[in-house]
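The structure is shown first.

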Amino acid sequence: MKFETQVAESPDEVARALLASHGQDWIWTAVKYLDYALRREPLMRLKKVWSMTNMDCARMFGVTRPTVAKWLETRPPPRKALLVSLVGDASDVLEAHLDLEHIPAVVRTRYETTGGKTLMQLGRE
């Protein structure tokens, strides 16, 4: 399928064009896909930036490793999606101030100011 749009078009303009050119069922399917992609993206990004395994994520979010694998296939449930998002916000701050390759070490370092806990451990609380 070829979708033509100009880069200069705003998201509102693209949405109006899609509404004018596609049926409601198609639009709802696209919305569902976009929602799915955006909700699971923070967890995939967190794993990459913090160099976390599924087990690391499971410990952080208080779930099992198979649950994390399921979230990567679908998305975290709303009650956990907020926590994933908040930890993702912490990643944004780290990325703004550190080189990406340093973040995994930083989140695994114990700091006096955090009561001797790592950032990964703080994510569990």
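## Overall architecture

The protein chain contains seven helices and zero strands, and its pattern along the sequence reads α-α-α-α-α-α-α. The model is a predicted one.

Of the 125 residues in the protein chain, 26% are buried. When contacts between residues at least 6 apart in sequence are considered, 50% join residues at least 24 apart.

## The aromatic pair

A pair of aromatic rings is described by the distance of the centres and the angle of the planes. One aromatic pair is present in the structure. The ring centres of Phe61 and Trp71 are 6.2 Å apart and the planes stand at 55 degrees, so the pair is classed as tilted; the edge-to-face class would require an angle over 60 degrees.

Phe61 belongs to helix 3 (residues 54-61) and Trp71 to helix 4 (residues 65-73), so the pair ties together parts that are 10 residues apart in sequence. Phe61 and Trp71 are both buried.

## Backbone at Ser51

Most residues other than glycine have a negative phi. Ser51, although not a glycine, has a positive phi of about 50 degrees.

Ser51 is located in the loop between helix 2 (24-49) and helix 3. With a relative accessible area of 42%, Ser51 is partly exposed, since that class lies between the limits of 20% and 50%.

Notes. Residues are numbered from 1 along each chain as its sequence is written. This is a predicted model: local features need pLDDT of at least 70, side-chain atom pairs count only at pLDDT 80 or more; totals for chains, interfaces and linings use all residues. Side-chain values use heavy atoms; hydrogens and water are left out. Rings of Phe, Tyr and Trp (its six-membered ring) pair if their centres lie within 6.5 Å; planes under 30 degrees apart count as stacked, over 60 as edge-to-face and the rest as tilted. Helices (H or I, at least four residues) and strands (E, at least two) are DSSP runs, numbered from the N terminus. Buried means under 20% relative accessible area, exposed over 50%, partly exposed in between (1.4 Å probe, protein chains only). Contact means heavy atoms within 4.5 Å.
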